Amino acid sequence: DSAGKGFQLCCSLVALSFTGAIGLTFLMLGCALEDYGVYWPLFVLIFLAISPIPHFIAKRVTYDSDATSSACRELAYFFTTGIVVSAFGFPVILARVAVIKWGACGLVLAGNAIIFLTIQGFFLVFGRGDDFSWEQW
């Protein structure tokens with residue numbers, strides 16, 4: 001049973017890393033292709049890096065409570081939603097003011113969607129609170 005969980009964990013980790021690499025590839029293509037050649041969309045990486053932080057803080061603060069919802073958790077959802085919307089809005093604004101081309105904007109938005117789904121998948125796989133959780137790391 002433990003070997004089965006380990007194999008499942010390994011497959012999940014490989015799948016998450018693969019989808020994360022695909023998302024980052026779309027982001028890099030939106031910046032580095034010869035037709036686009038502008039690296040302003042890389043600032044989206046800041047949003048990608050800070051998006052899990054509110055969840056981590058809320059998880060630590062509300063770890064011992066058994067309530068289904070708390071003000072801290074709801075505030076974390078609010079901040080995370082703002083960060084995700086900003087990550088999708090930033091390339092659209094850059095394309096609207098003609099800093100980047102719309103094709104680059106599409107590639108960055110596709111990369112954002114894939115990377116945010118990967119982050120959500122990470123929390124679904126490792127956030128169960130069993131023996132294999134991210135809290136051990």
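Is F79 buried, partly exposed or exposed? F79 is partly exposed, because its relative accessible area is 45%, where buried means under 20% relative accessible area, exposed over 50%, and partly exposed in between (1.4 Å probe, protein chains only).

View 1. Residues are numbered from 1 along each chain as its sequence is written, and side-chain values use heavy atoms, with hydrogens and water left out. The protein has five helices and zero strands, and from the N terminus on its elements run α-α-α-α-α. Helices (H or I, at least four residues) and strands (E, at least two) are DSSP runs, numbered from the N terminus. Of the 137 residues, 29% count as buried.

View 2. The score used here is pLDDT, the predictor's confidence in each residue, from 0 to 100. The protein averages a pLDDT of 88, and 86% of the residues score at least 70. Where pLDDT is low, the predicted coordinates should not be read in detail.

View 3. A search of the whole structure finds seven aromatic pairs. Rings of Phe, Tyr and Trp (its six-membered ring) pair if their centres lie within 6.5 Å; planes under 30 degrees apart count as stacked, over 60 as edge-to-face and the rest as tilted. F78 and F79 form a tilted pair, 5.9 Å centre to centre with 55° between the planes. F78 counts as exposed because its relative accessibility is 57%. Now look at F88 and F116: their ring centres are 5.8 Å apart and their planes lie at 35°, so this pair is tilted. The pair links distant parts of the chain, with F88 in helix α4 (residues 71-96) and F116 in helix α5 (residues 102-126), 28 residues apart. F88 is partly exposed at 27% relative accessible area, whereas F116, at 11%, counts as buried. Elsewhere, F56, F122, F123 and F126 form one aromatic cluster.

**View 4. The cysteines make no disulfides.** A disulfide is a covalent bond between the sulfur atoms of two cysteines. Here it is counted when a pair of cysteine sulfur atoms lies within 2.5 Å, and the count comes to zero. For C11, the nearest cysteine sulfur is that of C10, 5.8 Å away. C11 is partly exposed, with a relative accessible area of 38%, while C105 counts as buried at 2%.

**View 5. A nonpolar patch lies on the surface.** W40, F43, I46, I50, I53, I57, V61, I93, V97 and V99 form this patch, with about 910 Å² of accessible area together. Accessible areas come from the Shrake-Rupley method with a 1.4 Å probe, and for residues only the protein chains shown count as cover. Helix α3 gives the most to the patch, with three residues. I46 sits in helix α2 and is partly exposed at 48% relative accessibility.

Notes:
Predicted model: local features only at pLDDT ≥ 70, side-chain atom pairs only at ≥ 80, totals over all residues. Patch = residues over 30% accessible without salt bridge, like charges linked within 9 Å, V, L, I, M, F, W, Y side chains within 5 Å. Salt bridge = Lys/Arg side-chain N within 4 Å of Asp/Glu carboxyl O.
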